[in-house]
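Trainee: Could you show me how to read strands and packed helices in a model?
Mentor: Gladly! Let us look together.

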Amino acid sequence: MPISRRALAAAAITALVLPLSACGSGGDDAGSTDASGKVEGDITFQTWNLRANFKDYFEGVIGDFEKKYPGTHVKWVDQPAEGYPDKISADAAGGTLPDVVNVAPDLVAPLAKAGLAMDLDKAAAKYKGEYLPGAWASHQVPGLPGTYAFPWYLNTGPLFYNKTLFKQAGLDANKPPKTYDELFTDALQLAQKSGGKVATLANVPTIEDFGRYGSTLTNKEGTGFAFNDAKGVELLTKYKQLYDAKALDPQALTATPESTGKKFLTGAVAMNPGSALDLDNFKKQAPNLYKNIGITDQITSTGHVNMYVQGLMVNAKTKNTPTAVAFAHFVTDAEHQMSFAKKVAIFPSTAGSLNDPYFTKEDGTDETRVRVAAAKSLKTAVNYTPVQFSDQMKTALRNEVAKALQGKQSPKDALDNAVKACDQLLKQQG
């Protein structure tokens, strides 16, 4: 898939509804979780739309692996971004999944339930300490013991804020809100001082917002959703207050990244997520905004921001467990993750890597300003998006949230209905 901050974020939560009944759950042809044998022989490695931009990098990594382990051969297959979940589903159903597969947590969940994703807590437990705890946990599936992919590259998005608008509202431009309570207070003041002309936010709350606010998103078994708890209702009630005060943009119900970016550019919105690419755009199109841009962490009341993560899954039915596990670890070890991160705006999931000067030292450029801010928050970030949360579920939540903001139903009723709809969709997954 294309690796930009926004593309990664979108791809990391792409939904896959895998027909589990078509996959079976292992059986006589299931592979072994014993990775202690000799690393030799052939395996197939599948990535997600990476060949066009990173052909030399991956050919180099594969060459290094084959040199380190004589007698091995890695066949690299790269699939286009469009239809990737469908391709995985078809391969799973047809028994043709590659040995090592690039996945996001939501893609690995149905494969794990079908017995097609290897449990790395069994096959590769010795490597667990090499990765950030939140990253390792991101490919765990509620209701199943184990971890089902090596964490690979990460991303997160800092927030930009307009210091001029904060100052005009009588707020301290050097102390942006960090928690949701601070955000709600500042947002209401910004709206009041501007006569409703300046909204602080341009997007309705998503499942990640409920997670960052402290709502319990699912039950412990992973068999149902729970974001209609007291915290969830409280968050949506606060958003309703923002919407009524025009502290939440009136067009938030139909907002897109492009539309919210434009509103931030023109000063109609005070805060918006973004990347170094956006900073460059501001410099060219809105120099006054650029001179007064603040960069801060995502809003969170839990102390942990949201991360987007990609992983490498080992096919549980591989005929070559030692080589598949060794290669997945090789690609995701600290050395190779660091070299990849220096080629594109992503972050390594390996413990200690984010302490490298590359992620801690600014040099005055926009790129490093954003990189340092994001890397700092990633050290303790978690993936709030439940692995079972599909695109259909996102739509169901968004629709019910919209009704609550418009006053068509109470926040409690809206979230009860959203949970009911999502639970029904979850049952259909298998």
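This is a predicted model: local features need pLDDT of at least 70, side-chain atom pairs count only at pLDDT 80 or more; totals for chains, interfaces and linings use all residues.

Trainee: How do strand 4 and strand 8 pair, and over how many bridges?

Mentor: The pairing of strand 4 (residues 150-155) with strand 8 (residues 308-314) is antiparallel, over four bridges. Strand 4 also pairs with strand 9 (residues 347-348), again in the antiparallel sense, over two bridges. There, Leu154 has Phe347 as its bridge partner.

Trainee: Is strand 4 mostly covered or mostly open?

Mentor: In general, side chains of a regular strand alternate between the two faces of the sheet. Here, six of the six residues of strand 4 are buried.

Trainee: Now the helices. How do I describe two that pack together?

Mentor: For two packed helices, give the angle between their axes and the distance between the axes. Helix 18 and helix 19 pack at about 165 degrees, with axes 9 Å apart. An angle over 145 degrees counts as roughly antiparallel, so helix 18 and helix 19 are roughly antiparallel to each other. Their crossing is right-handed.

Trainee: Which residues make the contact?

Mentor: Among them are Met393, Ala396 and Leu397 of helix 18, and Ala414, Leu415 and Ala418 of helix 19. Met393, Ala396 and Leu397 are also among the buried residues of helix 18. The cover over the buried residues of helix 18 includes helix 9 (207-213) and helix 10 (230-244), as well as helix 19 (411-429).

Trainee: What comes just after helix 18?

Mentor: Gly407, which takes a positive phi of about 80 degrees.

Notes:
Residues are numbered from 1 along each chain as its sequence is written. Side-chain values use heavy atoms; hydrogens and water are left out. Buried means under 20% relative accessible area, exposed over 50%, partly exposed in between (1.4 Å probe, protein chains only). Contact means heavy atoms within 4.5 Å. Two strands pair if DSSP finds at least two bridges between them. Axes are lines fitted to C-alpha atoms, for helices over the stretch in contact, and angles run from 0 to 180 degrees between N-to-C directions. Angles under 35 degrees count as roughly parallel, over 145 as roughly antiparallel, 65 to 115 as roughly perpendicular and the rest as oblique. A crossing is left-handed if the near helix is turned anticlockwise from the far one by less than a right angle, and right-handed if clockwise.
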